[in-house]
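Student: Please take a close look at a single part of this model, the place where the two chains meet. What is found there, and how are the copies arranged?

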Protein chains: 2
Amino acid sequence: MKRYKATISYDGSGFAGYQVQPDSRTVQQELMKVLKTIHKGETVQVVASGRTDAKVHATGQVIHFDSPFNIPLSGWLKALNVLLPEDIRVHAIEEADPSFHARYHTSGKTYRYKWDRAPIISPFTRNYMVHVKQRPDVEQMKQAAEAILGTHDFSSFCAANTGVVDKVRTVRRLELEEHGEELHMVIEGSGFLYNMVRIIAGTLMEVGTGRRAASDLAGIVAAADRSKAGKTAAAHGLYLENVAYES
Amino acid sequence: MKRYKATISYDGSGFAGYQVQPDSRTVQQELMKVLKTIHKGETVQVVASGRTDAKVHATGQVIHFDSPFNIPLSGWLKALNVLLPEDIRVHAIEEADPSFHARYHTSGKTYRYKWDRAPIISPFTRNYMVHVKQRPDVEQMKQAAEAILGTHDFSSFCAANTGVVDKVRTVRRLELEEHGEELHMVIEGSGFLYNMVRIIAGTLMEVGTGRRAASDLAGIVAAADRSKAGKTAAAHGLYLENVAYES
């Protein structure tokens, strides 16, 4: 039995999220369907670095699975991409140590959140970026981001009732990037609470559009109270970009 | 009665093409549905610069329509974009001379054809670019393009049985542009025959991948015979980018 680690991308538009659920099309279900075909009807478990919600995209999700088959890596890559639907692609596959675990061994994740500032949103980006009609003040958003950086109890930025007890996380990097009309928030951290990236994005955009002051952010973090932060930004602007592992 | 000229974009993925046809979702049908709503049930004809086929996109299609309503241009823009589905957007609208005609008065059109040369196509571009697995030789494609430029009988590059008698057209510009992994063919001309841009794209790519020689192109043009040219390239790589009018 060999363990394989694969890096995959998916367009979240057509999925009810990553994780298998009844009567819904999910990324995990499509992956398992293809592996079952390759393994002649045997179920093969697929473990990802973590779930992503409905409409959320991934450019660098990492999964692992086990197989008794002796297929060269180029053969795996080809077979998976031929059998998978076009909205999921496998970009790289490698043999991993049998102890490797895509979820338990992550040392960090990077997410990207994309806004489109064009006066009229393009029909080509409507599922891939979130339109902001009012021109945001990016400098204010950058100032606000300073208060998020570092190690904090992120209760203010976590969906209520998640069952997670320890809400202390470390945000190592939080940058606002401008690419023409696109505005991206790139966030890298040790790990993220449920909806944390989208609540941070939503709160920073409320600063950008003048509904909150950048100087309020430190207080919002300190409050450790979800009701103090901004709205959860829409799912379709979010991309899981990279998953890091202890090496 | 006022005549309006509007520049629109659409994601062709969800349409059976521009022109109204029974039991299919088309761009013209969606436009007319919205104008009918605005005009309280009265049918308003919409005339475009020309049709586009199923899956073909537009970033700069031009339409005209007449309305007795006295709505300011900013109001038209807002109303149309609120009522239209998200895969059609109106980018600009202006009042035109009552004699202006979106189809009859065109003086030229620009199309863009997009290929993705990435080893594995991204799930995000699968409906918007055509994947080429083999790395094409762009220099050979540029050489081949030279034979297309200018005024020719383009019968070799026109779908058979179109009923059009005069197949002489002028290609004013034909460029291959590289943008990272993307390869674009930009073509501008006085007018185009049915499938002409896609047959030119398909033929140039056959040169790029070594299935034809660049030096064959002059002979293919001179033959005035559809069977001599390459395959019609897939619809979803094609964009109507600009329509020019005599001013």
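Tutor: Helices (H or I, at least four residues) and strands (E, at least two) are DSSP runs, numbered from the N terminus. On that basis Ser13(B) is found in the loop between β1 and α1 (27-38) of chain B. This is a predicted model, in which local features need pLDDT of at least 70 and side-chain atom pairs count only at pLDDT 80 or more, while totals for chains, interfaces and linings use all residues. Residues are numbered from 1 along each chain as its sequence is written, chains are lettered from A and ligands numbered from 1 in the order in which they are written, and side-chain values use heavy atoms, with hydrogens and water left out.

Ser13(B) touches Lys55(B), His57(B), Asn127(B) and Tyr128(B), leaving aside residues up to four places away in sequence; contact means heavy atoms within 4.5 Å. The side chains of Ser13(B) and Asp11(B) are joined by a polar contact of 2.5 Å. A polar contact is a pair of N or O atoms within 3.5 Å; within protein, one must be able to donate a hydrogen and the other to accept it, and residues adjacent in sequence count only if both atoms are side-chain atoms.

Asp11(B) also reaches the other chain, forming a salt bridge with Arg126(A) whose closest N and O atoms are 3.0 Å apart. The term requires a side-chain nitrogen of Lys or Arg within 4 Å of a carboxyl oxygen of Asp or Glu. Across the interface of chain B and chain A there are 2 salt bridges, and 2 residue pairs are in polar contact, both at pLDDT 80 or more. On the side of chain B that touches chain A, β4(B) gives the largest share, 4 residues.

As for extent, 21 residues of chain B are in contact with 21 residues of chain A. The two chains bury about 1600 Å² between them, 70% of it on carbon and sulfur atoms; buried area is the accessible area (1.4 Å probe) that two parts lose on being put together, summed over both. In chain B, the residues losing the most area to chain A are Ile120(B), Phe124(B) and Arg126(B), together 41% of what that side buries.

Now the arrangement of the copies. Chain B can be laid on chain A by a turn of 180° and a shift of 0.0 Å along the axis, with an RMSD of 0.0 Å; copies are superposed by least squares on the C-alpha atoms of residues with pLDDT of at least 70 in both. That is the relation of a two-fold axis. The same surface serves both copies, as 100% of the contact residues of chain B recur in chain A. Phe124(B) comes closest to the rotation axis among the residues of chain B, at 5.1 Å (C-alpha).
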